[in-house]
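Here is a quick tour of some charged side chains and who they pair with. Have the model open while you read.

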Amino acid sequence: MSTDDLGDERTSEYTDAEAYDAENCWSADDDFYLALAQEIGDPVLDVGCGTGRLTRAIAQAGLEITGFDLSPQMLARARELSDGLDIDWVHGDVRSMRLGRRFRLILMTGHAFQHMMTDDDLHAFFERMREHLVDEGVLAFETRNFAAKTFGGTPEPTLWHSYEDRAGRWIDVHVGSVYDPETGIEQLTFIDVVRATGDRTQSTSALRYVSVEQLNRLLREHGFDVVAQYGDWHKGPLGPAQPEVVTISRLAARL
């Protein structure tokens, strides 16, 4: 499967930035990464920053930060919401990123890591991370644990969760999925239904799942040491019932 354009129909869920913000509010993952940024220090690069919820919080904590994203719609909203904050917003593809500077900490949150569909994508990602980190800089990101996920599972969309949008309407989110165990790729269909009227909108996405063993092997190949891995946002251990694989890695010093 090609991912020459991660802004295509496989990630159409990211074209409505206001709806994304209504559905995705501050949560435990934001607390985790904000605390990490305060611990590690700046400059920070937030890759796949979306509308900048976490990026703005890190800037408000007094840290120098750059937000980088592929979606122009998400970045446009990020700029609108960051009035008065000193944040550099950059549009681009993480696999070919060339910012001409290095960072003490790079974050990739919101499970954006799972939108890289091929081994070539992953190798390119880790190379760009290595190029943009200072010696012994930290890369932190997460991927879902497939066995513990709570959405999809059948081609026919079923109710996942509900949220209240900016207009005060309740939206019921239905998700259907088809998983290919050979590639680790799950094709997702989202159907948002306005509860009061029955109006429906549809979007699509694709996620790739990699094993912890494969993930750690890729990190080592690109010069990273795994500092810690957690199964949830409260630093619980990895396990088959834990929802996340949260990885904190450190770039080895260059010779």
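## A buried pair to start with

Let's begin with R77 and D21, both of which are buried. This is a predicted model, and in it the side chains of these two residues form a salt bridge, with 2.6 Å from N to O. R77 belongs to helix α4 (residues 72-81) and D21 to helix α1 (residues 17-23), so the bridge ties together parts that sit 56 residues apart in sequence.

E18, D21, R77 and R166 are linked in a network of salt bridges. Over the model as a whole, the salt bridge count comes to 14.

## Helix α5 and its partners

Next up is D119, whose side chain meets that of R208 in a salt bridge at 2.8 Å, N to O. D119 is in helix α5 (residues 119-131) while R208 is in strand β9 (residues 200-208), so here the tie is between parts 89 residues apart in sequence. Is each partner buried or exposed, or something in between? D119 has a relative accessible area of 38%, so it counts as partly exposed. R208 comes in at 10% relative accessibility, and a residue is called buried under 20%, so R208 counts as buried.

Helix α5 also holds a pair of its own: E131 and R128 are three residues apart in that helix, so about one helical turn separates them. Their side chains form a salt bridge with an N to O distance of 2.9 Å. E131 is partly exposed, at 28% relative accessibility, whereas R128 is buried, at 10%.

As background, side chains with opposite charges can pair when their charged atoms come close.

## A look at D225

D225 lies in β10, which covers residues 224-230. With 48% relative accessibility, D225 counts as partly exposed, because the exposed class takes values over 50%.

Which residues does D225 touch, leaving aside those up to four places away in sequence? The answer is I248, S249, R250 and A252.

Technical notes: Residues numbered from 1 in each chain as written. Predicted model: local features only at pLDDT ≥ 70, side-chain atom pairs only at ≥ 80, totals over all residues. Heavy atoms only, no water. Helix = DSSP H or I, 4+ residues; strand = E, 2+ residues; numbered from the N terminus. Buried < 20%, exposed > 50% of the residue type's maximum accessible area, 1.4 Å probe, protein only. Contact = heavy atoms within 4.5 Å. Salt bridge = Lys/Arg side-chain N within 4 Å of Asp/Glu carboxyl O.
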